[in-house]
Amino acid sequence: MFTLSRKAKQFLVLTAKILIVGGAFYFIYDRIAQNDNLDWSRLEEAITRKNSGWLVAVILLLSFLNRFIEILKWQNLISSFKKISVAQSTDQVLASLTAGMFTPNGVGEYAAKALYYKKAQAKNIVFLNLICNGAQLIIAVLAGLAGLLFFNLRYGVIPNGLFVLLLFGIGAITIAVFLSRKIDIKGYSLHKFFKIINEISRPVNRKNLLLALARYLSIIHQHYFIFLLFGVHLPYPVMLSAITGVYFLGSSLPTFQFLDFAVRGSVAVFFFGLAGVNEWIVVFAATLQWLLNIVIPVALGSYYVFRFRTERNDETQDVTLHRE
């Protein structure tokens, strides 16, 4: 059987690291350079406007909280079988974010995180990542549907009867997925997913949900404060309903991390256009949030990608989830 030498493996790993990091920065530059709607002088004008300092501070704080809460979520879930530090969780979260930038909906993060653990633990790491993202998705769906309902009642985007029909359709799909939970696809199934959730202690699951809610609120309100920075002063319920609706619809569409701002920006232009917000503000707000929440963490994650070692940590324990 053909096997690669140690040096050959190291060369291939280094090449993969360079391609991941180089590709990430190329796509970031390409997306920004090709966006003709961005006029950075407008951002400078907004930042230097009187009394805008506190808005900038809040936006930056929420950007930090968004990613830091994600780090705490991962540390909390991994604690179900192994204690890791905040620094280790930061390493795994940021490196996997960078690696998953080129995959639809960031699915590459699942494989990247699994590389930090033994091969026998891979499936459990994937399931834990599903739990981590699943809690975020459930909150986004519930808040998004409520936001869309409120926004639709105010602006009449679609007839109320059709909107109710759509809700029933979503409910029917949810029931169908639940009924097919025992269908096994390459060793993965909803039944196994729920089984692992039940094996995790209640405090860990409860903390995961609370952190997911906190992260969601930080993301939504960061978008809100960015609009305030650009002088948009719509009623708070209207702003929140549009933002939660856009976030829900944008998250539902298959996309890549480096195109995230373009997809959500396109959806946002339609919604906020109905509320009378200028298109350039909507595009700028989506782009700025993308820069703060994706580009900067990806840049930091590049460091962790380069320092990643292919040898698995011998101290990593076998996955044994436990209840409390």
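Modeller: A helix here is a DSSP run of H or I with at least four residues, and helices are numbered from the N terminus. The model is a predicted one.

Biologist: Which helix holds Leu292?

Modeller: Helix α12 spans residues 279–307. Leu292 is therefore assigned, under the DSSP run numbering, to helix α12.

Biologist: Is Leu292 buried or exposed?

Modeller: The cut-off for buried is under 20% relative accessible area. Leu292 has 13% relative accessibility, so Leu292 counts as buried.

Biologist: What share of contacts in the chain between residues at least 6 apart in sequence join residues at least 24 apart?

Modeller: Across the chain, among contacts between residues at least 6 apart, the share joining residues at least 24 apart is 77%.

Biologist: Why is α9 oblique to α12?

Modeller: Helix α9 covers residues 202–229, and its axis comes within 10 Å of the axis of α12. α9 is oblique to α12 because the axes cross at roughly 135°.

Biologist: How many nonpolar residues does the contact of α9 with α12 have?

Modeller: On the α9 side are Ile219, Gln222, His223, Ile226 and Phe227. They meet Ile281, Val282, Ala285, Ala286, Leu288, Gln289, Leu292 and Asn293 of α12. The contact has no charged residues and 4 polar ones; the nonpolar number is 9.

Biologist: What distance separates the C-alpha atoms of Phe284 and Ile226?

Modeller: Phe284 sits in helix α12. At 0% relative accessibility, Phe284 counts as buried. Phe284 and Ile226 are 58 residues apart along the chain, with a C-alpha separation of 9.1 Å.

Biologist: Is the crossing of α3 and α6 left-handed or right-handed?

Modeller: Helix α3 has residues 53–78 and helix α6 residues 122–155. Their axes come within 10 Å and cross at roughly 135°, so the two helices are oblique to each other. The crossing is right-handed.

Biologist: How many charged residues are in the contact of α3 with α6?

Modeller: From α3 come Glu70, Lys73, Trp74, Leu77 and Ile78. In α6 they meet Ile125, Leu128, Asn129, Ile131, Cys132, Asn133 and Gln136. By class there are 7 nonpolar and 3 polar residues, and the charged ones number 2.

Biologist: Which residues is Ser89 in contact with, leaving aside its neighbours within four places in sequence?

Modeller: Ser89 belongs to helix α4, residues 86–99. Its relative accessibility is 0%, so Ser89 counts as buried. Beyond the neighbours within four places, Ser89 is in contact with Ile71, Trp74, Gln75 and Ile84.

Biologist: What percentage of the residues in the chain is buried?

Modeller: The chain has 324 residues. It exposes about 17,200 Å², of which carbon and sulfur atoms supply 67%. The buried share of residues is 46%.

Technical notes. Residues numbered from 1 in each chain as written. Predicted model: local features only at pLDDT ≥ 70, side-chain atom pairs only at ≥ 80, totals over all residues. Heavy atoms only, no water. Axes fitted to C-alpha atoms, helices over the stretch in contact; angles between N-to-C directions. Parallel < 35°, antiparallel > 145°, perpendicular 65-115°, else oblique. Contact = heavy atoms within 4.5 Å. Nonpolar A, V, L, I, M, F, W, Y, C, P; charged D, E, K, R; others polar. Buried < 20%, exposed > 50% of the residue type's maximum accessible area, 1.4 Å probe, protein only. Areas by Shrake-Rupley, 256 points an atom, 1.4 Å probe, with all protein chains shown as cover. Left-handed = near helix turned anticlockwise from the far one by under 90°.
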